[in-house]
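Student: Hey, I've never looked at this one before. Can you walk me through it?

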Amino acid sequence: MKNTLQLVIVAELLAILVAVGIGVYSALRQYSAFDYAATSFSFLGLATPVFWLALMLQVSVVYIYQWTGHRIFPIANLSGVDPGTGVSFWIDRAHHLVLPVIVLMVASVAAYSRYMRASMLEVVNSDYVRTARAKGLTEQKVTMKHAFRNALIPLVTLVALNFGALLGGVVITETVFSLDGMGLYFVTALGTNDPYPIMAWLMITATMVIIFNLIADIAYGYLDPRVRYD
């Protein structure tokens with residue numbers, strides 16, 4: 001669980017930061033060159049199979065090693081020959097997680113940025129945003145105080161569902177990169193026909209999805225004053 005948590009939390013936090021920035025800027029610069037490029041990346045990211053992207057990254061690292069004699073990133077496992085302790089351990093761990101994090105981020109950024117763009121476009125064209133502009137507020141205040149907060153609501157739902165499912169086990173990514181997490185644990189148990197670890201994995205996955213759905217419901221009340229829980 002701790003290895004899966006490290007991978008998923010880092011990948012999702014980075015994906016949210018990147019996707020929100022891309023989505024908001026694309027909405028504010030609709031039909032610009034950036035918007036078209038972001039849209040193309042999103043469709044490409046959603047269409048790219050996870051296992052293929054993981055394998056291509058591994059192959060690229062191997063080719064770079066053959067050409068330069070330097071392996072920029074490890075392609076398997078979570079520990080080097082001697083990761084050490086303290087700061088050295090975490091630097092080694094971060095080094096090993098770079099490629100898996102990139103793989104998880106691609107699909108998440110593609111999906112989140114599209115949702116954020118669509119939600120932001122809907123909000124910026126709403127009546128209360130036009131009223132805020134008519135009152136003389138600066139565009140920055142209109143965007144960040146009135147539009148951005150409400151535009152986050154659909155994204156919160158998607159992130160909560162995706163985050164809960166990923167915590168249950170990133171099966172393909174952990175299998176390709178041989179990361180000792182819940183996904184590889186599930187595949188190993190499946191290969192040995194051991195039903196009890198599989199049932200435990202399914203129970204944890206379902207629990208995570210329920211917990212993060214609850215977190216999303218609570219977050220609605222904070223993001224939208226119209227949604228309050230008595």
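**Starting with one residue**

Student: Let's just pick a spot. Where does Gln58 lie?

Tutor: Gln58 lies in helix α3. Helices here are DSSP runs of H or I with at least four residues, strands are runs of E with at least two, and both are numbered from the N terminus. Before we go on, this is a predicted model, where local features need pLDDT of at least 70 and side-chain atom pairs need 80 or more, while totals for chains, interfaces and linings use all residues. Residues are numbered from 1 along each chain as its sequence is written, and side-chain values use heavy atoms, without hydrogens or water.

Student: Got it. Is Gln58 buried or exposed?

Tutor: Gln58 is buried, because its relative accessible area is 13%. Buried means under 20%, exposed means over 50%, and partly exposed is in between, with a 1.4 Å probe and protein chains only.

Student: And what is Gln58 in contact with?

Tutor: If you skip the neighbours within four places in sequence, Gln58 is in contact with Ile75, Val176 and Phe177. Contact means heavy atoms within 4.5 Å.

Student: What else is going on in helix α3?

Tutor: Helix α3, residues 50-68, gives the largest share of a nonpolar patch, namely seven residues.

Student: Which residues make that patch?

Tutor: Phe51, Trp52, Leu55, Met56, Val59, Tyr63, Trp67 and Ile172 make it, and the patch covers about 830 Å² of surface. Patch residues have over 30% relative accessible area and no salt bridge; nonpolar side chains (Val, Leu, Ile, Met, Phe, Trp, Tyr) are joined within 5 Å, like charges within 9 Å. The areas come from the Shrake-Rupley method with a 1.4 Å probe, and for residues only the protein chains shown count as cover.

Student: Take Phe51 from that list. How accessible is Phe51?

Tutor: Phe51 sits in helix α3 and counts as partly exposed, since its relative accessibility is 44%.

Student: New topic. How many salt bridges does a search of the whole structure find?

Tutor: Two. A salt bridge is a side-chain nitrogen of Lys or Arg within 4 Å of a carboxyl oxygen of Asp or Glu. One of them joins Arg117 and Asp35, with the closest N and O atoms 2.8 Å apart.

Student: What about the salt bridge of Asp127?

Tutor: Asp127 pairs with Arg130, and their closest N and O atoms are 2.4 Å apart. These residues are about one helical turn from each other, because they are three residues apart in helix α5 (residues 127-134). Asp127 counts as exposed at 55%, while Arg130 is partly exposed at 43%.

Student: You mentioned Phe34. How do the rings of Tyr25 and Phe34 sit?

Tutor: They belong to the four aromatic pairs in the structure. Their ring centres are 4.9 Å apart and their planes are at 85°, so the pair is edge-to-face. Rings of Phe, Tyr and Trp (its six-membered ring) pair if their centres lie within 6.5 Å; planes under 30 degrees apart are stacked, over 60 edge-to-face, and the rest tilted. Tyr25 is partly exposed at 38%, and Phe34 is partly exposed at 37%.

Student: One more residue: what is Gly164 in contact with?

Tutor: Beyond its neighbours within four places in sequence, Gly164 is in contact with Thr205, Met208, Val209 and Phe212. Gly164 lies in helix α6 (residues 139-167) and counts as buried, at 0% relative accessibility.

Student: Let's zoom out. How many helices and strands does the chain have?

Tutor: Nine helices and zero strands. The C-alpha atoms fill a box of roughly 65 × 50 × 35 Å along the principal axes. Of the 230 residues, 41% count as buried. The accessible surface is about 13,000 Å², and 69% of that belongs to carbon and sulfur atoms.

Student: And what share of the contacts comes from residues 24 or more positions apart?

Tutor: They account for 68% of the chain's contacts with a separation of 6 or more.
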